[in-house]
Every structure is written in C-alpha cells, then in structure tokens.
Amino acid sequence: MIILKTDEEIEGIRKSGQILAKVLVELRDFIKEGITTWAINKKAEEMVKKLGGKPAFKGYKPSFSRKKYPFATCISVNNEIVHGLPSKKRVLKEGDIVSVDMGVNYKGFFSDAAYTYTVGEVSGEAKRLVEVTREALYIGISKAVAGNRVGDISSAIGGYVKSHGFYPIIDYCGHGVGRRVHEDPSVPNDGVPGTGELLKVGMTLAIEPMVAVGTGRAVIKEDGWTAVTEDGSLAAHFEHTIAILEHGPEILTPWDKDA
Ligand code: MF3
Ligand code: CO
C-alpha cells in the first residue's frame, strides 16, 4: 500500500533529509586514504545524533534479511554494490570508490540517501561510472512527476546507464520512504515507460540507481548482507529521498546545494 503524505509529513521528512544530507556532505572531507569504513560509520553516527536524528538502519530488519542490521550506515567499496558492513579491517586506499548509504529517523520521519565518494585519484573508468550513476539519479528524479508511472523513472535510469555502456543493477530497487525506511512502491533501476504504479502528489520515494561496469546482477557475500557484483566489476550508488509535489519533484536530501 502506498502512503501519500500530507504537507506536514513532508515537512518532517524534509527536516530528516536535511540532517542526512549534511552528514553526507561532511563526509566528503573525512573520507580519504588510510581511514577505515568503521571510522566513517562512527563519524556518520555521531553527526546524525548531534543534529538531532537517529540512525534509521541500526536495528532495522529489511524484508530481504532474517536479521536486524547492526550499523548506522552501509558502506560498500569497489565491487560491493550495497549493504556493505563497516569494518575495522577495511582500510581505504587511493583509487577506491566507496558508497555510504544511510537512513535518518527524525521524530518518526524517515529519509534515505547514498553517495559514492572517490579516494584520491581514481581510474578514468571509475570516474565515468560514478558520474553516470549520479547523473542517472537526477534523470530518474526528473521523471518523478504526478501522472507519470514508476516505469518512467525506471526506464529513464536504465536507459541512460545502458547508453553509457554500463549496467543498472536489477536485483535491488528504490522504494517508498517516509513513515518507514521501506514503503511501497518498489522503484526498479530499469523498466518500461508507461508501466507500473501511477505517481501522485504526496508520494515520497527513495530513488537509488546502483550501476556496475560489467553486470546487472548481484550476489550476497557470506556475511549475509554485502551485495557484490557477480563479475567482480566496480559498482556505484547514489540515492535521494524525493517528494512528488504539484509543481514537480523536490529533493529532500539536497547535498549538492550545500556543497
Ligand atoms: N539503504 C538501503 C536502501 O536504500 C536499505 C538498507 S537497510 C539495512 O534500501 F538494513 F540494510 F540497512
Ligand atoms: Co533506499
């Protein structure tokens, strides 16, 4: 069931999203060669709490898992697509690409966003992958207009990614968000225009292209969480929480404005 939000609820999600965006922007200077993904998680958790929010993923049990997620963030490096576990052993090195995915709960209003950072100089291919994934997110958001359908968002993302020779990940999707971390509808990263749920004013969605160099398929590691590319190729991930308003989509986790 899709939960349409009132203006007051959207305002709550906007506040939640502003906290989250601030954390993701501040991590830009923190993430560099030699630090661990554990330290990034700790920093993000501290910042969210200081800003008055709660880490929404910590203790959350998503439908794809039998266990509760133990950390504030998911941190996925290189061939890891999503749901990577922060680790004291994972030390970042020059050339890595690292995505931080986080949810914030502010007074019962949930936002969800992800950003892929580059560590020092990265390869030309990594740079292109990150740029195409970020651009795919904005192209997807531009289709989040009342009267369109979910498939319009999905096909815009998938089409753009494939036109650049990369692969949209088809095993993980965006989703409704706002009163919970995950709500209906599911928002796939590839699809057919004009199909799927009708988009309406008051919907709040997490749109989250995950893109890989060589495959659209994921496999889950022995830890039960980390999704990696089937072929070991690099993957990137960007995610915004957005609201569908009368005049069009509003980004509720606006990192670029603050940067
Ligand atoms: N960030 C994921 C998403 O965007 C959700 C992670 S849930 C967790 O859908 F439990 F794995 F953290
Ligand atoms: Co999400």
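This is a tour of a predicted model, going from helix packing to aromatic pairs and then to individual residues.

**Stop 1: helices α1 and α2**

Select residues 7-30, which form helix α1, together with residues 37-50, which form helix α2. The two axes lie 10 Å apart, and the helices pack at an angle of about 140°. Angles over 145 degrees would count as roughly antiparallel, so with its angle of about 140° α1 is oblique to α2. The crossing of α1 past α2 is right-handed.

Now show the side chains at the contact. On the α1 side, select I19, V23, E26, L27 and F30. On the α2 side, the residues they meet are A39, I40, K43, A44, M47 and V48. Sorted by type, the residues of this contact comprise nine nonpolar and two charged, with no polar ones.

**Stop 2: helices α3 and α4**

Move to residues 124-142, helix α3, and residues 150-163, helix α4. Here the axes come within 8 Å and cross at roughly 155°. Because of that angle, α3 is roughly antiparallel to α4. This crossing, too, can be checked for hand in the viewer: α3 and α4 cross in a right-handed manner.

For the contact, select V132, E135, A136, I139 and G140 in α3. Their partners in α4 are I153, A156, I157, Y160 and V161. The contact of α3 with α4 divides into eight nonpolar residues, one polar and one charged.

**Stop 3: aromatic rings**

How many aromatic pairs are there? The count comes to nine. Start with Y69 and F71, whose rings are edge-to-face, with 6.0 Å from centre to centre and 75° between the planes. Both Y69 and F71 are buried.

Next, select Y115 and W255. They form an edge-to-face pair, 5.0 Å centre to centre, with planes 85° apart. This pair links distant parts of the chain: Y115 belongs to strand β5 (residues 109-118) and W255 to helix α5 (residues 255-258), 140 residues apart. Y115 counts as buried because its relative accessibility is 8%. W255 is also classed as buried, at 0% relative accessibility.

To finish with the rings, select W38, F64, Y69, F71, Y172 and W225 together; they form one aromatic cluster. The edge-to-face pair of Y69 and F71 is therefore part of this cluster by membership of both residues, and the cut-off for pairing is ring centres within 6.5 Å.

**Stop 4: L252**

Go to L252, in the loop between β15 (248-251) and α5. Is L252 buried or exposed? With a relative accessible area of 0%, L252 is buried.

Display what surrounds it. Apart from neighbours within four places in sequence, L252 contacts I10, I13, R14, G17, Q18, T204, T241, I242 and A243. For a distance across the model, draw a line from the C-alpha atom of L252 to that of V77: the separation is 25 Å, for residues 175 apart along the chain.

**Stop 5: G214**

G214 is in the loop between β10 (210-212) and β11 (218-220). Its relative accessible area is 32%, so G214 is partly exposed. Setting aside neighbours within four places in sequence, the residues in contact with G214 are Y167, D231 and S233.

**Stop 6: backbone details**

Select D184 and P185. The peptide bond joining them is cis, with omega about -5°. P185 is located in strand β8 (residues 183-187).

N78 sits in the loop between β2 (73-77) and β3 (80-82). At 13% relative accessible area, N78 is buried.

The other is K107, with a phi of about 50°. K107 lies in the loop between β4 (97-106) and β5. Its relative accessible area is 66%, so K107 is exposed.

Technical notes:
Residues are numbered from 1 along each chain as its sequence is written. Chains are lettered from A and ligands numbered from 1 in the order in which they are written. This is a predicted model: local features need pLDDT of at least 70, side-chain atom pairs count only at pLDDT 80 or more; totals for chains, interfaces and linings use all residues. Side-chain values use heavy atoms; hydrogens and water are left out. Axes are lines fitted to C-alpha atoms, for helices over the stretch in contact, and angles run from 0 to 180 degrees between N-to-C directions. Helices (H or I, at least four residues) and strands (E, at least two) are DSSP runs, numbered from the N terminus. Angles under 35 degrees count as roughly parallel, over 145 as roughly antiparallel, 65 to 115 as roughly perpendicular and the rest as oblique. A crossing is left-handed if the near helix is turned anticlockwise from the far one by less than a right angle, and right-handed if clockwise. Contact means heavy atoms within 4.5 Å. Ala, Val, Leu, Ile, Met, Phe, Trp, Tyr, Cys and Pro count as nonpolar, Asp, Glu, Lys and Arg as charged, and the others, Gly among them, as polar. Rings of Phe, Tyr and Trp (its six-membered ring) pair if their centres lie within 6.5 Å; planes under 30 degrees apart count as stacked, over 60 as edge-to-face and the rest as tilted. Buried means under 20% relative accessible area, exposed over 50%, partly exposed in between (1.4 Å probe, protein chains only).
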